[in-house]
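Welcome! Here is a short tour for anyone meeting this structure for the first time. Please take a look at the sequence and the model before reading on.

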Amino acid sequence: MTAMSLSADQARLIALRAQGLLGAPDRRAGVRGLLRHLGAVQLDTISVLARSHELVPYARLGAVGRPAVESAYWGGAGTFEYWSHAACILPIEEWPLFAFRRRAYRARGNLWGHQVTPATYRQVLDKLRAEGPLTSTELGGAKRTAEWWDWSDTKIAVERALSFGDVVCTERRGWKRVYRLAEQAVPDALFERDPTDAECLRQLVAQAGAALGVATRADLMDYHRLKAAQFDAAVPESGLVPVEVAGWGAPAWADPAALASDPRGRHRTTLLSPFDSLVWDRARTERIFGMTHRLEAYTPKHKRVHGYFAMPLLTQGRLVGRVDPAREGRTLVARQISLDAPKHLGALATALREAAGWVGCEAVRVEALDDERLRPALQALLDG
């Protein structure tokens, strides 16, 4: 059977639609529905305009209220945190699918620091059973010293229990994980399911394919951080179909549903978190959009090119620039802006004004433009 051939533009549009950035957003399903489709939303401690997990639904649904985002992610029975692409918020329906990873962690045993005694591990579980959901501080302390990395035995034990699946996080308080016994937090029908590793991997590869639309082997492996052997064993039964994409230079697979109709509809104009699943894979971002994007938050300031938390600007299905944002009171500050061409000034101004309104800012101030000749025209658009 000959693989279907796709142009680079067709693949780009398929990827955008699969990620919820082309076509009318499903507002009725809301943030929960978006999470179920994406399968994973990455968490990160950095907060500039907002935390990354808030920026993901904003990019797709528009100015959804931030309290609504938080309530969709935490505090109910619909989600949990676990290790997927990285530390991610996941729909609770995926709890059984990560059984393969929980088993692997349990087989390794010694995770997150030095070994703790079985007695300490049992004490953590017993305290959660007796008192209900608790933070690591409430369990008995998160750190032994003031150093951020120097976890207490209690913290090591509860994080190990999280990895093993004895404990689950379905809530955060002040960005601290709240731990619950998995048997109490996960719905019985999901908790009792025990799929084989092969079943887990097959469904996760299929889910990644649906979320990406069309993807290479490396793209699909990276989505939930699967190993090569795991992917190779799972993909034949995943339902994904082989395709050839012009210019990609690598075998690719597509979700059959993504090939069933041409991707059409309204494009989103928005700023993207660097941790957004549309762009979190550098090689894929460069291959599809021609943008080499790096998170520079951990790069020394004098070596940064685009800024601390440079956010790609998406418009008309393309990445056309970057904005490094900050907030000062009720002002959104664009510390640094780079733009591919002056024709994108309108999209830039729209993205800045909408982002400012979403986070409660009343004004936008531009500190630095790569091409300062564009400043008067940009300012006029921002003031207009």
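This is a predicted model: local features need pLDDT of at least 70, side-chain atom pairs count only at pLDDT 80 or more; totals for chains, interfaces and linings use all residues.

## Getting oriented

Helices (H or I, at least four residues) and strands (E, at least two) are DSSP runs, numbered from the N terminus.

Residues are numbered from 1 along each chain as its sequence is written, and side-chain values use heavy atoms, with hydrogens and water left out.

Most residues other than glycine have a negative phi, and most peptide bonds are trans. Trp 175 is not a glycine, yet its phi is positive, at about 70°. Its relative accessible area of 22% makes Trp 175 partly exposed; buried means under 20% relative accessible area, exposed over 50%, and partly exposed in between (1.4 Å probe, protein chains only).

Gln 316 is also a residue other than glycine with a positive phi, near 50°. Look for Gln 316 in the loop between β11 (311-315) and β12 (318-328), where this residue is exposed, with a relative accessible area of 55%.

## Salt bridges

Side chains of opposite charge can pair when their charged atoms come close. How many salt bridges does the structure hold? There are 26, each being a side-chain nitrogen of Lys or Arg within 4 Å of a carboxyl oxygen of Asp or Glu. One of them joins Asp 197 to Arg 103, with the closest N and O atoms 2.7 Å apart. Asp 197 sits in helix α11 (residues 197-212) and Arg 103 in helix α5 (residues 99-108), so this pair ties together parts that are 94 residues apart in sequence. Asp 197 is partly exposed at 36% relative accessible area, and Arg 103 is partly exposed at 31%.

Another salt bridge links Arg 106 and Asp 166, whose closest N and O atoms are 3.1 Å apart. Because Arg 106 lies in helix α5 and Asp 166 in the loop between α8 (153-164) and β5 (167-173), the pair ties together parts 60 residues apart in sequence. Glu 131 and Lys 127 form a salt bridge too, at 2.9 Å between the closest N and O atoms; both lie in helix α6 (residues 118-131), 4 residues apart, about one turn of the helix. There is also a network of salt bridges linking Glu 81, Lys 155, Glu 159, Arg 172 and Arg 177.

## A buried charge without a partner

Glu 94 is found in the loop between β4 (87-91) and α5. Is Glu 94 buried or exposed? Glu 94 is buried, yet it has no salt bridge: the nearest side chain of opposite charge, Arg 101, is 9.1 Å away. Here Lys and Arg count as positive and Asp and Glu as negative, while His and the chain ends are not counted.

Not counting residues up to four places away in sequence, Glu 94 touches Gly 39, Phe 80, Gln 207 and His 224; contact means heavy atoms within 4.5 Å.

## The nonpolar cores

A nonpolar core is a set of buried Ala, Val, Leu, Ile, Met, Phe, Trp, Tyr and Cys residues joined through side-chain atoms within 4.5 Å. The largest one has 67 residues, and those with the most contacts inside it include Tyr 73, Phe 80 and Leu 220. Helix α11 gives the most to this core, with 7 residues. Apart from it lies another core, of 34 residues, among them Ile 46, Ala 349, Trp 358 and Leu 382.
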